[in-house]
Amino acid sequence: MDPIPPHQWLQLLVAVFVSFLIAFRAHKRKSLSTSGAVAGFIVMALHIFVGFRFGAMLLTFFLTSSKLTKVGEDKKQKIDPQFKHGGQRNWLQVLANSAIASVLVMTIWVLTKGDDTCLNSKESALITFLIGGVIGHYSCCNGDTWSSELGILSDDQPRLITTFKPVRKGTNGGVTKSGLLAAAAAGSVIGLSFVLLGLLTTTCGFDIALKQLLVIPIATLAGLCGSLIDSLLGATLQFTGFCSVRQKIVGKPGPTVKKISGVNVLDNNAVNLVSILLTSILTSFVCLYTF
């Protein structure tokens, strides 16, 4: 096995240092539990080591979602059955939002031997396909988070995505115009972070470099698509009911719970995982035929 080049050792040191600082700070601010901080450190270090573009997308998702989770906490706590004060995430939630991308970036590192390359199907269709999956992954994660965190605070009346009937705020599968716009904006931010870091860390011909700008609209659509897939799964395979005793939306059936939508097949983490997987695959094919 070939030794790791000096520049990759430097990138590893940067990855460990930056990941430790962010995980430590997130734990101190209660954005991550102890287990979540450990898992987050490992995932962040892996992404940054493989490529600064991957690290940028992950950090954009984590930092913006952590910030938005804390906006309007009191209102969200009264509405959202999955809401946790402070938005603290454990190791399971961290992996649910990063496991697929982590497998993809490790595969990319093995195939490229650590060389950061532009999206270019003519040079390598497989690498382009895999990188597209990572873009789709974080566009979906960010889109779903921004949509949920901002949509629930808007004055828009949520409508169930399967029937378009008005539903209570916090209902799984309920969508609003504000939420969908937020999802698209969240995807565009992921695309922008990928492109900006790519301009600084990758070297390719002018035409290929210019074409990388198409990642931004692709990521925008991926953020919107991911949010819609998540809502569709939430409306059908995730239970939502209204508890007459607690007078709030709940995520599990019970004797005092009136069903609103869905069946109790998937929990929130499983819905996130499936929507991420589907969005990643779709984005991979779009990138394959675009670049």
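Let me begin with one span. Residues 91-111 are 90% helix and 0% strand, with the end C-alpha atoms 28 Å apart. Keep in mind that this is a predicted model.

That span comes from a record. An unreviewed UniProt entry places the feature "transmembrane region" at residues 6-24, 36-63, 91-111, 123-139, 180-200, 212-229 and 270-289. Another of these is residues 180-200, which are 100% helix and 0% strand, and there the end C-alpha atoms lie 31 Å apart.

Now the cysteines. How many disulfides does the structure hold? It holds one. Cys 118 is joined to Cys 204, with an S to S distance of 2.2 Å. The two are 86 residues apart, so this pair links distant parts of the chain. Cys 118 sits in the loop between α6 (99-112) and α7 (125-151), and Cys 204 in the loop between α8 (177-201) and α9 (206-211). The link of Cys 118 and Cys 204 is left-handed, at -70° about the S-S bond.

Cys 204, at 29%, is partly exposed.

Next, Cys 225. This residue is in no disulfide. The nearest cysteine sulfur belongs to Cys 140 and is 7.9 Å away, whereas a disulfide needs the sulfur atoms within 2.5 Å. Cys 225 is partly exposed, with 27% relative accessibility. Cys 243, in turn, is buried, with a relative accessible area of 4%.

That is where I will stop.

How values were computed: Residues are numbered from 1 along each chain as its sequence is written. This is a predicted model: local features need pLDDT of at least 70, side-chain atom pairs count only at pLDDT 80 or more; totals for chains, interfaces and linings use all residues. Side-chain values use heavy atoms; hydrogens and water are left out. UniProt positions are given in the numbering used here, feature names are shortened, and annotations may be inferred rather than shown by experiment. Helices (H or I, at least four residues) and strands (E, at least two) are DSSP runs, numbered from the N terminus. Buried means under 20% relative accessible area, exposed over 50%, partly exposed in between (1.4 Å probe, protein chains only).
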